[in-house]
Amino acid sequence: MLCMELGIKRHYFCLWLSFLREQAQLKANVIEEDTEEWQKDSTFAGLERVGGVDLSYVKGNDTVACASLVVLSYPDLEVLYEDCQMVTVSAPYVAGYLAFREAPFLVEAARRLQEREPGLRPQVLLVDGNGMLHHRGFGVACHLGVLTGLPCVGVAKNLLQVDGLAKDEQHKGQIRDLQTGGDVFPLRGTSGRVLGMALRSYNKSTKPIYVSVGHRTCLESAVRLVQACCRYRIPEPIRQADIRSREYIRKHLSSPLGCTSPGPGRKEDAEPKH
């Protein structure tokens, strides 16, 4: 029994070490500035297609999920393309390395889109998760951006408490000061670096979302784009990807409502893991 336990710990450590090395290599390729002409225009003139991705897990099963990619028109935010596919998530969850579980399926969805409908390739991806607002400055939005080459923006529903960021009274007070849709405040860590922005995306929602750079965008452009894509609290590309992945699971499994869950690691948005 002891040998088995030691073997498991050794395997987990080796896996963590390989993730750490690969993550560091990928991080070196992140571009934290605008690279597209449309990003430089105040109205995003030239932007026509915005993608959104999501992974929804079957409730009670952290290995079966639906990977979803949608492409919406901009600025009308009408669905032009959708791809939902059931996947088996075999990689174990390692705190701080969620992308190694989920990103491969989303990269594959982007590849299928390029093969099937290259004219609908998104000009930017909004990702349900963090970008540079992360323990090591390289969340799933960065990971996906580097692997696909697409501009990516991280959009999280909860605050990832890293670099001294906390859901304390000061943070709650800053949230109360967000009076209307479009109001923001910077997420400045104890290092002095601004890791992202808290955005009140919708007048009727008092809960902010947390926007961070993924790849090939600056933070200001990322926030403006997310705000422009919001009909409700969650930006429409991510919202549609989530809706369609959940519906696909219900149809695929012939299950009733409430058959999905966030999956392991999704609560790391709210709680630190180290």
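## A first residue to look at

Glu169 is exposed, with a relative accessible area of 55% (exposed means over 50%, buried under 20% and partly exposed in between, using a 1.4 Å probe and protein chains only).

## About the model

This is a predicted model, where local features need pLDDT of at least 70 and side-chain atom pairs pLDDT 80 or more, while totals for chains, interfaces and linings use all residues. Residues are numbered from 1 along each chain as its sequence is written, and side-chain values use heavy atoms, without hydrogens or water.

## The whole protein

You will find six helices and nine strands here, taken as DSSP runs numbered from the N terminus (helices: H or I, at least four residues; strands: E, at least two). Of the 274 residues, 52% count as buried.

## Bridges across the sequence

The whole structure holds 16 salt bridges. One of them joins Glu32 and Arg193 at 2.7 Å, N to O. Glu32 sits in the loop between α1 (2–27) and β1 (49–58) and Arg193 in the loop between β6 (184–188) and β7 (194–199), so this pair ties together parts 161 residues apart in sequence.

Arg112 and Asp83 also meet in a salt bridge, at 2.8 Å, N to O. Both of these residues are buried.

Conventions
A salt bridge is a side-chain nitrogen of Lys or Arg within 4 Å of a carboxyl oxygen of Asp or Glu.
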